[in-house]
Each structure stands twice: as structure tokens, then as C-alpha cells.
Amino acid sequence: SNAAAAAATTTPVADITTTTTTTATTESSSLNDSSHSAPLATSSSSSSTNTIIETPDTEVILKEILNSKPTVYILLASMVRFMAGFTIAAWKAPLFLDLFPEQAVSFSVDNALIIAMAGSASTLLGGIAADKLAAAASPPSASSLASRLNIQTNATNSSYSSLPSSSSFPTLNAAQSRLLVPIVGTLLAAPLWALTVYANSFNSASSALLLEYLVAECWFGPAQAAL
């Protein structure tokens, strides 16, 4: 009877152990399945959020730039201005060393100070002047807005037919007003550079070079703003 009782109590324990083992195996397999499937879900969700950004065609961009005459003129003027600046930077030192060979050290110090101080001041002052001129400029007229929007004006049925015709000296808009700064600066810089080249003394040449940098380096910011 004791053996039968022991057998009766042993059988459920085996069943429980087998059941527990089976359950653990099932849970482990399900966890493995979920761990294998989780990266796939993450990959699919992350790939669904990726968007394809189409970059504009270079040919289209160039055509758009070249179709704007003011943009082309500003770019051409900037190219000529860069050529002048690089020419001065390349030949300024040989010029001074040829004209005033005994002032080599003085020229090195003066040139560094002129570039750092006068060049920086010219850039800042040119930007301030261009912003003030742009703020004081008149807003674009209705006729200019119509031309920008490709609206055909007609003397009989156009709403812009009553606008007065432009005078010989039309008012300047903000972009055109900004460009007055590099125009005036370039016109003043050219004779000052000539004074630098034909100066009779080192002090006169350095003074003319200082003034030249003050009026010449004001063009870059207004040109960029106008573009």
C-alpha cells in the first residue's frame, strides 16, 4: 500500500515537471521568434519613414540664373571685382618692395594693419550703409510687380493702365539701393589705388592704400544681399 501511495504521489510530480518544461520551452521559442521578428519590424518601420529628396537639375538652375539679367550683371561685376582684388593682392608687395626697398619691414606691418583694420571696417560700414539705403528705398511699384508676375498690361482693360510712366530717373528699390555702395566704393577706390602706385614717398603710398581699403572692401556684403 505504501508503494502504491508513493507511485500515486510521484506521477503528478512528473506530469507537473513535464508540463513546466513544455511551457518553458514554448515561451522560450516564442521569445526567440519575437526577438527574431523585432528587428524586421523596426527595419520596416524605419524604412517607411525614409523619404527620397530629389535635387534640382543643375541645368535647370543655370537656366534660371541666366534668365535673370540683374543676376548675370551682378555676377559679372563681382567677377571683375574679384580679379581686381586678386591682382592687387598679388602685386602689391612687389610694387612696394620695388618702389621703397628700404621700407620692407614697415610695409609688412602697415599692410597687415591696413588689411585687418581698414578692410574689416570697410566691410562692416558697407553693410550698415547698404541696409540703411535699402530701408529708405521706396517699395516696388504696382507696374514692376505686374511685370514680375508676367501680367500683360493693356491700356483698355488693365487695372495698371492708370499708373504714371516712369521718369528718366526712376526710384530705386531695396536691392538697387544696396548696390549703390559697391558702385560708389569702386569709383573712389580706383583713383586712390592710382595715388598709391604713383606716390612719391612711402608714407603717402601707405596713406593712399589705407584709404583705398576703406572704400574698396565695402562691396561684398551689399552684392550678396542684392543677389
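## Helix H4 against helix H8

Helix H4 (residues 104-136) and helix H8 (residues 202-216) have axes that come within 8 Å and cross at roughly 25 degrees. H4 is therefore roughly parallel to H8, a label for angles under 35 degrees, with over 145 being roughly antiparallel, 65 to 115 roughly perpendicular and the rest oblique. Axes are lines fitted to C-alpha atoms, for helices over the stretch in contact, and the angles, from 0 to 180 degrees, are taken between N-to-C directions. Helices are DSSP runs (H or I, at least four residues), numbered from the N terminus.

This is a predicted model, in which local features need pLDDT of at least 70 and side-chain atom pairs pLDDT 80 or more, while totals for chains, interfaces and linings use all residues. Residues are numbered from 1 along each chain as its sequence is written, and side-chain values use heavy atoms, without hydrogens and water.

## The H4-H8 contact

The crossing of H4 past H8 is right-handed, meaning that the near helix is turned clockwise from the far one by less than a right angle. On the H4 side the contact (heavy atoms within 4.5 Å) includes Phe107, Asp110, Ile114 and Ala118, and on the H8 side Phe202, Leu209, Leu210 and Tyr213. Its residues divide into twelve nonpolar, five polar and one charged. Here Ala, Val, Leu, Ile, Met, Phe, Trp, Tyr, Cys and Pro count as nonpolar, Asp, Glu, Lys and Arg as charged, and the others, Gly among them, as polar.

## Helix H3 against helix H7

The axes of helix H3 (residues 69-99) and helix H7 (residues 180-197) come within 11 Å and cross at roughly 30 degrees. H3 is thus roughly parallel to H7. Ile88, Lys92, Leu95, Phe96 and Leu99 of H3 meet Trp193, Thr196 and Val197 of H7. This contact comprises six nonpolar residues, one polar and one charged.

## Aromatic pairs

The model has eight aromatic pairs, counted where ring centres of Phe, Tyr or Trp (its six-membered ring) lie within 6.5 Å; planes under 30 degrees apart are stacked, over 60 edge-to-face and the rest tilted. Phe82 and Phe86 are stacked, because their ring centres are 5.9 Å apart and their planes at 20 degrees. The two are four residues apart in helix H3, about one helical turn. Phe82 is partly exposed at 35% relative accessible area, whereas Phe86 is exposed at 59%.

Phe96 and Phe100 form a tilted pair, 6.2 Å centre to centre with 50 degrees between the planes. Both are buried; buried is under 20% relative accessible area, exposed over 50% and partly exposed in between (1.4 Å probe, protein chains only). Ring pairs also join Phe82, Phe86, Trp219 and Phe220 into a cluster.
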